[in-house]
Amino acid sequence: MPLRGEKIRTGSLHGLGAHSPVARREFDRSSPVALDVDEASRRLVIERVGRRCEYCLVDEDSAGFPHQIDRIISRKHGGSSGIGNLAYACVLCNRYKGSDIASIDRSGNPIRFFDPRRDVWDEHFKLNGPSSNR
Ligand SMILES: [Zn+2]
């Protein structure tokens, strides 16, 4: 882990290509992940982000599969189920991220994953294309 005050870079969990729509999701369907997160917390997370993945920004209606509640810091790394540690993630981002919190970049240096509670999305990513609806 980086030391306090050390500048660290964040990386993309995967490319920012559009997800193919396969099926629509009803608002109240719950994620199969993070089952111990209560319904009130789930709703707060979803309402906070407007049903977009907090990592790649894909809208849930365009994702093809229901988004999931993600623990930004997984339980195995000491993360809680508190609202401040929860993010709304599409299936692809959540699966790529898994329970990891960092990876190794091409030069062999540790690189922390983007944290939607600590990081500003626009400072780390850029969307290419005709519209992002941001
Ligand atoms: Zn995503």
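Helices here are DSSP runs of H or I with at least four residues, strands are runs of E with at least two, and both are numbered from the N terminus.

**Entry 1. Ground rules**

I am working from a predicted model, in which local features need pLDDT of at least 70, side-chain atom pairs count only at pLDDT 80 or more, and totals for chains, interfaces and linings use all residues. Residues are numbered from 1 along each chain as its sequence is written.

**Entry 2. Elements**

I looked up the elements of the chain and found three helices and five strands. Going along the sequence, I read the pattern β-α-α-β-β-α-β-β.

**Entry 3. Confidence**

I checked pLDDT, the predictor's confidence in each residue on a scale from 0 to 100. The chain averages 80, and 72% of the residues score at least 70. Among the elements, strand β1 (residues 10-11) has the lowest mean pLDDT, 47, while β3 has the highest, 96. For residues 1-30 I find pLDDT below 50, although this stretch has 45 contacts in the model beyond near neighbours in sequence. A contact is a pair of residues whose C-beta atoms, placed from the backbone, lie within 7 Å. Where pLDDT is low, the predicted coordinates should not be read in detail.

**Entry 4. Burial and contacts**

I count a residue as buried if 20 or more other C-beta atoms lie within 10 Å of its own, exposed if 12 or fewer do, and partly exposed in between, with C-beta atoms placed from the backbone. On that count, 22% of the 134 residues of the chain are buried. Of the contacts between residues at least 6 apart in sequence, 69% join residues at least 24 apart.

**Entry 5. Core**

A nonpolar core is a set of buried Ala, Val, Leu, Ile, Met, Phe, Trp, Tyr and Cys residues joined through C-beta atoms within 7 Å. The largest one has 19 residues, and Cys-53, Ala-89, Cys-90 and Cys-93 have the most contacts inside it. Strand β3 (86-89) and helix α3 (91-97) each supply at least two residues of this core. Strand β3 gives the most, with four residues.

**Entry 6. Strands β2 and β3**

I take two strands as paired if DSSP finds at least two bridges between them. Strand β2 (residues 68-71) and β3 run antiparallel and are joined by four bridges. Within this pair, Gln-68 stands opposite Ala-89, and Ile-69 has Tyr-88 as its bridge partner. Both faces of β2 are covered, with Gln-68 and Asp-70 buried on one side and Ile-69 and Arg-71 buried on the other. Both faces of β3 are covered as well: Leu-86 and Tyr-88 on one side and Ala-87 and Ala-89 on the other are all buried.

**Entry 7. Ala-89**

I then went to Ala-89, which lies in strand β3. Ala-89 counts as buried because it has 30 C-beta neighbours inside 10 Å. Leaving out residues up to four places away in sequence, Ala-89 touches Cys-53, Glu-54, Tyr-55, His-67, Gln-68, Asp-70 and Asn-94. Ile-72 is 17 residues from Ala-89 in sequence, and their C-alpha atoms are 9.8 Å apart.

Which residues here have a positive phi without being glycine? I found Arg-51, with phi near 65°, and Leu-57, with phi of about 70°. Most residues other than glycine have a negative phi, and most peptide bonds are trans. Arg-51 sits in the loop between α1 (39-49) and α2 (60-63), and Leu-57 is in the loop between α1 and α2 too. Arg-51 has 15 other C-beta atoms within 10 Å, so it is partly exposed. Leu-57 has 17 other C-beta atoms within 10 Å and is therefore partly exposed.

**Entry 8. Ser-62**

Ser-62 belongs to helix α2. With 14 C-beta neighbours inside 10 Å, Ser-62 counts as partly exposed. I noted 9.5 Å between the C-alpha atoms of Ser-62 and Arg-52, which are 10 residues apart along the chain.

**Entry 9. Strands β4 and β5**

Strand β4 (residues 102-104) is joined by three bridges to strand β5 (residues 110-113), and the two run antiparallel. Ala-102 stands opposite Arg-112 in β5. The hairpin of β4 and β5 has five residues between the strands, and there Gly-108 takes a positive phi near 90°.

Technical notes. Two residues are in contact if their C-beta atoms, placed from the backbone, lie within 7 Å.
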